[in-house]
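Colleague: Hi! I'd like to go through this one with you, a bit at a time. Can you put it on the screen?

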Amino acid sequence: MQDDLDEIRAKRFSQIGTLIRESTAEIIQRWEESIRNEEEQDSSRYAHREELRNHLPQYLEHFGAELATYGVSHERQRDSAAKNHGRRRWQAGWRLDEVIRDYQVLRIVLMDYLNKHLDRPLDLEEIKTIGVLLDDAIGDAVVTYVAYQDDLNAEKASEFGATFENAAVGICHIGLDGRFLRANHRLCDLIGYAPEETVQLQLDALMEPEEWAGLKKHLDELTSNDRPLVSCEVRMKRRGGGNFWAKATVSLQRSRDGSPRYFIFVIENVTERKRLEEQLVQALGVAEEQNRLKSEFVANVSHEIRTPMNAILGMTELALDEALAEDVRDYLTTAYVSAKSLLALINNLLDFSRIESDKIELETAPIDLFRKIDEIARAFSVDAFEKGLELVVDVDRDVPRYLIGDPLRLRQIITNLVSNAIKFTEQGEILIRASLVKTEGNRSTIRIAVKDTGIGITKEEKRRIFDPFAQADASTTRRFGGSGLGLAICKGLVERMGGELDVVSQPGKGSEFFFTVELEHSDDQPEHAEPGLKKLKSLKDRRILVVDDNATNRQVLINHLQQLGCSVDALDNGEAAIQRVRQAAEDDAPYDIALIDALMPGRDGFSVIEEIESDSTLKRPAVLMLSSADRATFADRVRQLPQVHYLEKPISRQRLLDVLERLLSEEKQREDGDTNPGRRSTPSMALRVLVVEDIPANQKVVQAVLRKAGHNVTLANNGREAIEQLYTEDFDLVLMDIQMPTVDGYQAAAAIRKMEDERSANIPIIAMTAHAMRGDAEKCLAAGMNDYVAKPLNSRLLLKKVQQWGEKYATSAEAPIKRIPKDSATVATTGADRGASDDPASNANFDAALQRLSGNRQLLLDLIQFFREDTPQLLSDLIASLTSGDHQRARRAAHSIKGLAAGFDAHRVSEIALAIETLVTEGDLKTAESKVPQLQSSIEDLHRELDRFTSSG
C-alpha cells in the first residue's frame, strides 16, 4: 500500500514539476508585475534584478526538474546549478535583503499559480514540500552571502558587520564544539539573549535532547563531507520559557586548507507557518470525519430507499407484462423508466460515498473479458439503434481473454463510458476497443477505450470533467440530464484498480475516453477457450464478401476474418455488392459466404439478397445478415429467407466465430441429408420455493414473479417460521430476506445448515437484502447461503438464479423424490398477504390499499384484524425492551409495527415506528422511549379509524 501511495505522490510531483518547467515565462512575468511598483519608486536599490531575471529561468527549470524527480528515489535530487548565488553576484552589487524579499515574492507567485492551474489545489503535504524546497533558495543565498563576506578584505569588515547584524533572518556562527561564536541581532531577539551573552551559550542548551540529537547527526554529515548543506526544522527554547519553531539552514565554513572551522546557521522563525499547518491538519480531520458520517448515512438510508423501490419496480414490471390500454402502458412505462433512473442515482451516490471515504472494496474473480465487453455492447445496441448510431466492438486478438479482477466494477466503468458516448452523440458511431499495452509475467496491462463522434469537450472543460457533480458546462446538464457523478466514480474505480482514466477530445469532433488496468491472467480457463476454432479451419482460403456502409465496422470484420485465413473483399453499398457477385461468377470464383448489413442507404441487405436470388445464373453464397434493428421484427424477416443467418450488431469476434461455426455445421448436415439441423428442446421445471420475507409488499412481488414462471411458492414471515416449514415440508430452494424480526436471515441460514435432515441441510439458500453496507455478500456466504440478490429485485436475475440453483438441487441425490408437474403449480401461503404503499397519507388510505389488493375487501379486513391482534403485544414488547435496554427486541418490535401499519398506508404510525427503530439502531434508547406515547396515541387514533371502516360494511 505504501509503495502505491509513493507512486501516486511521485506522479503528482512530476506533474507539478512539468507545469513549472513549461510555464517559466508566465511565472516570471507575474513575478515582475508583483515587484514593478517597488522598482519604479527606487530603481537604485534594485539594480540586481536585471541579472536576477536572467537567472530565474534557469532556477525555475532546475526547481521543476527537482520536483519532477522528488519521491521517485526517495531522495532530493539537488543540483548545484540551481544555487546561483555565488561570489560574482554579490560582487556585482546584489543586496541580501532585496534578494530575500524577491525570492519570497517568487514563492507567493508560484504557489498562487500552481493552485490556479493544477487540476486540483495543492494539499498539505505538497504545500510543505514545495515550501521547503523554495525556502532553500533563500537559505542558499544567505549562506553563500555570509561565506563571501567572511572572506572579504579587512576594509570590508565593517560593511559586512552591518549587513550581518541587520539581516532579516537570524544568523550565527557555531563552533565545532557547539558553542556560540557570534550571533546577529535578529537571532538574539528570537532566543531572548543579549549579543554578549550568546558567547556563553551552548547550542544544545536551546533545544530538547531529542531535537539536538537529530541536529547533531546533520552537523556530523557536514563535517564528514557527506553533504554540502543541511536544512531542517527544530524547536528552540526562549529565555524565560516558551519556544518557537525554527527552520535552520546550516553550512560549514572551512579554512583554506579545507579543515572545518565553524558552522554558519541561518535561522528563520516559522512558528506561524507551523500553527497554520496544524490548523489545516485539524480541519482535514474534521472534514474526514464528516465524510465518514456522510458515507455511513448514505449507506444506511439506501436500505430504506431500496425497500419501497423494490415494490415500485417489481409491481410496475409485472403490470407491463399484462394486456393494457396504450395510455396506461405509456403511464407505467414512464414510471418504470423514472424509477430505474432514480435507482441508478441512488447507486451512484452510494458508490461515490464509498470511493470518497476509501471504503470501496474490489472483488477478485475470474473475468471473461471478451464476453464481458460483448454483453455490455449488446445491452446498448437498442439505444444506439434508436439514435441511428453504429455501435462497433473491436478486441485485438493478442488481448488475453481470461483474467482475474473485479468483473462488476469493470462492467460499471465500461457501461458508464458507453452510456455517456451514446448520450452525447447525435450521429455517427461508437467504438468500444480493447488492446494490449504490455505483458509482464502473469500480468497484462489492458487499454479499453470508448470513442464517439459526439459533441466533444474543450481543453478547459476537460480540467473539470472528472470532478464530482460536474459536467462539461451548465447547459449540458439541462440538455442531457445526469448528476455528473458517473465519470468521477469511474475515475475513482480505475485508480483503485491501479490504472488511469483520461480523455482525448476536440469540440465537435467527438471524444475518446480510455483507461488502462493491469490484471492477472487466469489459470482456470475453460476447455473451450476458443470454441469452434478447430472446426473453422475449413474457412481457410474461403472467399468472403463483407458489405457494410460503416467503415469502422467493415475494418473490424476484415481483421477478424483475415485472422482466420479467409480471403476477404469489402464494399460499402448494396449495388456494388450485386455487381461484385456477378463478376465473381463470371470469373468462376464465386463467394462462399457474404456478410451483409441489413440497413444501408440505397439498396438494403434484403434487396441485395432478392436481386441475387432472382438471377438463376448466380450461385448465392451463404448469407450472414447483420443488423442492430429491432431483434424480433428483424429475426422474423430473416427466418423467411432460406439459408440466411442473423447476427446482431455490435459484432464481437466470439459471436462471429459461433455463427460461422453453426453455418458450416448446418452446411455439412444438409450435405448429409438432414433437413432440419439444430433442433433442441430445453423444458423448464416447476420448483417448490420457500420465500422468507417479513415485508408484505416484497412478499407480493416475489410471489408474483415466481408464480408467473410456474413455481410453487410458500411464504414464511421470519426465520423461525422458515425453520419450522423445513422440518415439515420439502422444498427445492429458499429465498431468504436478511432483516427480519424474531429470527433474521443469517440466524435462520445457520440453523438450517445445522439440521440433521440432510436434505434440508443441503437445500440452496439465496439471500435477499436491501441493506447496502459493505460485506453483505461475504456475510451471507459465511452464514451458509449459496448466492445473493440485491433489492430492488431484478426479476430476470432472480428467476435465473432460482432456476439455476433450484434445478441443480431438484435433480440431485439429496432432493426429495416427490416432483411437481409443470401444469399443476400453485401458490400456498402462510401468514398474512398484506400490501404496503409509500404514498403520503394521514392515518390510513383504504382506497389505495384496496386498489393494491385488486379490490379484495376481505383480504383488507383480514389485514386489519392482524393489526388489531398483533399491535398490543408488539407495543408491550417495545416498552418492556426499551426499559430493560434490549436493543434487538425493541428494534424488531418497532420494525413489525411499521410493517403492519404500512399494509393500509397508515403513514403516521409507520413513520413514528420507523423513527423509533432508527433511534434504537443508533443506540439512543432515551429518545426512542420519549416517542412511545406519540406512537401509542397514533395507534389509538388508527384503531378508531379502522373501526369506522369495518363498521361501514
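Modeller: Here we go. One term before we start: a residue is called buried when its relative accessible area is under 20%, and exposed when that is over 50%. Also keep in mind that this is a predicted model.

Colleague: Thanks! So is serine 881 buried or exposed?

Modeller: Serine 881 has 0% relative accessibility, so it counts as buried.

Colleague: And where does serine 881 lie?

Modeller: It lies in helix 31, which covers residues 857-884.

Colleague: Which residues does serine 881 touch, leaving out those up to four places away in sequence?

Modeller: Serine 881 touches Asp886, Arg889 and Ala890. There is also a polar atom of the serine 881 side chain that lies 3.0 Å from the backbone oxygen of leucine 878.

Colleague: New topic! Where is aspartate 588 found?

Modeller: Aspartate 588 is in the loop that runs between helix 20 (574-586) and strand 15 (593-597).

Colleague: Buried or exposed, that aspartate 588?

Modeller: Aspartate 588 is exposed, because its relative accessibility is 67%.

Colleague: What is phi for aspartate 588?

Modeller: It is near 55 degrees, which is a positive value in a residue that is not glycine. For background, most residues other than glycine have a negative phi.

Colleague: Good to know. Now some helix pairs: at what angle do helix 25 and helix 26 pack?

Modeller: Helix 25 (residues 719-728) and helix 26 (residues 745-753) pack at about 20 degrees, and their axes are 9 Å apart. Angles under 35 degrees count as roughly parallel, so helix 25 and helix 26 are roughly parallel to each other. Their crossing is right-handed.

Colleague: Which residues meet there, between helix 25 and helix 26?

Modeller: From helix 25, Gly719, Ile723 and Leu726 meet Ala748, Ala751 and Ile752 of helix 26. Five of the residues in this contact are nonpolar, one is polar and none is charged.

Colleague: How about helix 3 and helix 5, what is their angle?

Modeller: Helix 3 (residues 49-69) packs against helix 5 (residues 96-117) at about 45 degrees, with the axes 13 Å apart. That angle makes helix 3 oblique to helix 5. The crossing of helix 3 and helix 5 is right-handed.

Colleague: And which residues of helix 3 and helix 5 meet?

Modeller: On the helix 3 side there are Arg49, Leu52, His55, Leu56, Tyr59 and Phe63, and they meet Asp102, Tyr103, Leu106 and Leu110 in helix 5. The residues of this contact divide into seven nonpolar, one polar and two charged.

Colleague: Great, thanks for the tour!

Methods. Residues numbered from 1 in each chain as written. Predicted model: local features only at pLDDT ≥ 70, side-chain atom pairs only at ≥ 80, totals over all residues. Heavy atoms only, no water. Axes fitted to C-alpha atoms, helices over the stretch in contact; angles between N-to-C directions. Helix = DSSP H or I, 4+ residues; strand = E, 2+ residues; numbered from the N terminus. Parallel < 35°, antiparallel > 145°, perpendicular 65-115°, else oblique. Left-handed = near helix turned anticlockwise from the far one by under 90°. Contact = heavy atoms within 4.5 Å. Nonpolar A, V, L, I, M, F, W, Y, C, P; charged D, E, K, R; others polar. Buried < 20%, exposed > 50% of the residue type's maximum accessible area, 1.4 Å probe, protein only. Polar contact = N/O pair within 3.5 Å; in protein donor to acceptor, adjacent residues only side chain to side chain.
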